[in-house]
Amino acid sequence: MLYFLKLVLLFFLCNNLFVYNVFTQIYHYETGEIIPIAKNDTLLIKHGVFKGYDADYCTLIVKENRTKAHPRLINLPVIRVKSLSKTPLEPIFLLNGGPGKSNIWDDMFPEWLLSSHDIIMVGYRGIEGSVILDAPEIKSFLKKTYKPLSDNNYNNLKTLWLQVFERYNKENIDLSGYNLEEVVEDIESVRKFLKYDKINLFSFSYGTMLSQLYCLNYNEHLNKIVMNNARPLGYVNFESNIIESQLEYINNLGTQNSLCNKKSQDIKLLFENILNDIDKINTPHPIDTDKLKLIIFKKLNSVTNYNYIFESLLLANNGYYDNLYELESQFYDEFISDLVLGDCIMKRFSNYPVNNTTNNQKHNLGNELAKINNRYWNIINNEDINITVNSVYKINNCNIPSLFVSGSIDFSAPVEYVKNVLLPKFKNGKLVIINECGHQDIMTEQENAYKNLIINYFDNNIIDTSLFIYKPIDFCR
């Protein structure tokens with residue numbers, strides 16, 4: 001009887017509390033326990049340990065859509081790992097790449113920054129917390145379907161995506177709340193809750209867009225920014241002319257390698273011939289060129305893959321296709337399985353000026369790779385699902401000290417974007433280019449040199465590149 005009365009009381013509290021908020025179950029991030037009378041703008045903190053370090057595990061309770069008067073509430077995980085210093089410098093907020101990936105850093109957690117700073121990770125809405133915009137229907141389709149981006153399959157894929165977004169609506173998910181602006185507001189909420197006057201941002205790829213937006217809205221609370229592999233706000237499309245120039249750069253490096261030269265004097269031409277002709281070749285089993293192009297493009301983001309890609313193309317040129325089959329088979333695990341796909345789509349919606357792509361050369365390899373990637377990621381637009389986007393933002397001049405770190409070979413975030421678009425607007429910005437380094441290699445290819453660069457910048461305001469050495473790409477063995 002007493003248990004029944006408790007349930008009645010709990011029901012009464014919840015219904016009265018959420019008169020102005022659609023009821024959402026809010027649970028504590030670490031314990032998983034339901035918080036029956038959760039309130040907006042709350043940060044619940046519980047002490048814990050993260051990777052052996054003293055930490056706070058927090059649950060952030062915020063509005064799903066801050067632009068509405070009476071939205072429902074959602075929760076997000078927040079972890080603060082405490083500095084080893086008794087007098088730490090400004091804390092560092094981590095902003096991971098993606099979109100579609102977690103912001104709770106696990107494998108790449110930069111514990112080497114703890115000597116002088118607290119490190120804070122705010123979970124990305126739509127990926128972690130009480131609302132996850134996953135799309136198992138899409139993952140299943142992409143895994144099972146041969147050439148999913150062919151015209152017939154593409155129409156089926158778009159229809160399936162529309163059904164996914166209809167499911168989100170039936171689940172009372174307010175899709176207009178899952179944009180860059182709301183993510184930045186989550187970060188700002190945590191800054192205020194933890195009572196930090198100024199913070200540093202350490203961002204990677206997609207996370208650099210969040211850094212730029214935070215600087216636009218809250219520059220008075222920023223101390224320094226590090227942007228690894230930066231892309232400007234709105235630059236969501238891949239540009240064929242830039243991809244082509246990257247391929248030419250790789251080709252020129254290959255011609256300087258005597259062993260590669262003996263095997264093929266033109267890596268790029270070999271690449272083009274295989275990908276353009278594979279459908280016409282009588283292979284033992286059909287090769288899905290849609291998936292092959294997408295996975296090869298992804299693998300081009302790390303120079304550690306170049307030897308395998310080059311050898312695979314050489315073997316195919318001589319009639320041996322096992323390596324291409326293996327590459328195609330990696331499409332799902334490396335390109336799809338670990339992404340929250342609904343979030344990938346949502347984070348592309350904005351009124352930021354979008355970069356245009358050039359598609360003027362039909363058989364240009366850069367054009368082919370740009371076209372298939374843009375076709376894949378731009379399948380849904382805001383008109384299709386009728387969401388509200390914010391007014392146009394333009395990055396004004398940002399005077400916050402900012403360090404841009406880019407690889408000289410980056411298909412996803414070309415250094416040209418930093419030079420031509422971002423540096424002119426970041427008046428205290430500096431650029432470090434790591435030669436023969438790809439998008440995914442930036443923190444690991446010369447790890448000690450990279451750590452030395454970042455620690456000196458945050459702690460001493462010094463840009464020290466003295467430990468970097470030139471490392472040529474290993475195309476051939």
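Buried here means under 20% relative accessible area. The legends below describe a predicted model.

**View 1. Ser-116, a buried loop residue.** Look for Ser-116 in the loop that runs between β4 (92–95) and β5 (119–122). Its relative accessibility comes out at 16%, so Ser-116 counts as buried.

View 2. Zoom in on the side chain of Ser-116 and you'll find a polar contact with the side chain of Asp-459, at 3.1 Å.

**View 3. The largest cavity and its helices.** The model has four cavities of 30 Å³ or more, and the largest cavity has a volume of about 120 Å³. Three helices, α6 (240–255), α8 (267–277) and α10 (306–317), each put at least two residues into the lining of this largest cavity. The top contributor is α10, with four residues.

**View 4. Side by side along the lining of the largest cavity.** Going up in residue number, the lining takes in Leu-247, Ile-250, Asn-251, Ile-267, Lys-268 and Phe-271, then Leu-300, Tyr-306, Ile-309, Phe-310 and Leu-313, and finally Phe-475. Sorted by class, that's ten nonpolar residues, one polar and one charged. Asn-251 is the polar one and Lys-268 the charged one.

Terms used:
Residues are numbered from 1 along each chain as its sequence is written. This is a predicted model: local features need pLDDT of at least 70, side-chain atom pairs count only at pLDDT 80 or more; totals for chains, interfaces and linings use all residues. Side-chain values use heavy atoms; hydrogens and water are left out. On a 1 Å grid over the protein atoms alone, a cavity is a set of points where a 1.4 Å probe fits but cannot get out, and a pocket is an open set with protein on both sides within 12 Å along at least five of seven lines; lining residues have an atom within 4 Å of a point. Grid points are joined across faces, edges and corners, and a volume is the space filled by probe spheres set on the points. Buried means under 20% relative accessible area, exposed over 50%, partly exposed in between (1.4 Å probe, protein chains only). A polar contact is a pair of N or O atoms within 3.5 Å; within protein, one must be able to donate a hydrogen and the other to accept it, and residues adjacent in sequence count only if both atoms are side-chain atoms.
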